[in-house]
Amino acid sequence: MESGFHKYSFFAASAAVIVLISAGLRQAMAEGEEDIGHNVEGLTSTGCDFYHGSWVLDDSFPLYDTSSCPFIDKEFDCQKNGRPDKQYLKYRWKPTACDLPRFNGEDFIRRFKGKKIMFVGDSLSLNQWQSLICMLHAAVPQAKYNLVNRQAFTLPEYGLSVMLSRNEFLVDIVSDRIGRVLKLDSIEGGNAWKGTDMLIFNTWHWWIHTGSKQPWDYIELGGNVYKDMDRLVAFEKGLTTWANWVDSNIDPASTKVFFQGISPTHYDGREWNQPKMSCNAQTQPVSGSTYPGGSPAPAAVVKNVLGKMSKPVNLLDITTLSQLRKDGHPSAYGPGGAKGMDCSHWCLAGVPDTWNELLYASLVL
């Protein structure tokens, strides 16, 4: 786990890191959003925008009993950590013009019998990975399973593997004589992702870390070494390297590729018109379909980069629907208690289950 990660929101980190976007990058992102093509159109091809909607109460939720899932890390197990309210477990995402197909774990397992699925990214990938294996375990609770190093879940009877590859930046960090170097145009780590049938990528939160939480000393790009640079620009360069890797190494006929959109934080109540508040003690989502704080800047970078790719990559555009869930974080019911207020990760069961419902919908529609 990323110790202390939840203490850093985009808002807090921006006080220490200048995250100003140049006019050129703003223009590039604006142009990218005008022609994002099939790569980031997501489920709208079905005739319904699955990512525009609101949260509604549904007594049939959650999709699994948290106490019956043995895979949830303490950091995400809010009920076990003493969270007193349970209404946050009862919300279902309702697109405005249609309904999400209900997640069918048995059908998911049949579709991926004998296949390998891999999540690649930071602790938000861990959040979604644990959610999915809980959902699959709930579908076949009597089936034997193996869990290796808490990174590889397999159902031997079905030959299905659901794996996690922790890689916070997707691009490489190497140890050099000058120290730890974040190489924005190198992605040797990608060799570990080959040979899988479905890949779900994620990155962003670690790009704004500073001080003792920053896992690199220098940034390298195009043979030049920098002590630091605009973090959003660095993110765009690194994500472009990842996009080029996908375009060069992935065969869409054998491997489906998804990108998990930017998962928001809720440290600054001004974003949802509650100044001086955080996610702590929040028990209801933001009402309606629009988040007052608007879309975070890295979400536009993701759409811009994906829109330029030659290979199809499906964007799980979870940003806005997750922004509305200010109530879904561990808050004071993570491992650090109130002192380690976690408004970055998500309780399980919870919001990442909806991310996996959207993943499932994109496979069956």
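How many helices and strands are there in the protein? There are nine helices and 13 strands, counted as DSSP runs (H or I of at least four residues for helices, E of at least two for strands) and numbered from the N terminus. The model is predicted, so local features need pLDDT of at least 70 and side-chain atom pairs count only at pLDDT 80 or more, while totals for chains, interfaces and linings use all residues. Residues are numbered from 1 along each chain as its sequence is written, and side-chain values use heavy atoms, without hydrogens and water.

Of the 365 residues, 55% are buried, that is, under 20% relative accessible area with a 1.4 Å probe and protein chains only. Among contacts (heavy atoms within 4.5 Å) between residues at least 6 apart in sequence, 79% join residues at least 24 apart.

Strand 9 (residues 198–201) is covered on both faces. Met-198 and Ile-200 lie on one side, Leu-199 and Phe-201 on the other, and all are buried.

Helix 9 (residues 351–364) reaches 21 Å from its first C-alpha to its last. This is close to the expected 20 Å, which is 1.5 Å times one less than the number of residues. Twelve of the 14 residues of helix 9 are buried, including Trp-355, Leu-358, Leu-359 and Tyr-360.

Note on methods:
Buried < 20%, exposed > 50% of the residue type's maximum accessible area, 1.4 Å probe, protein only.
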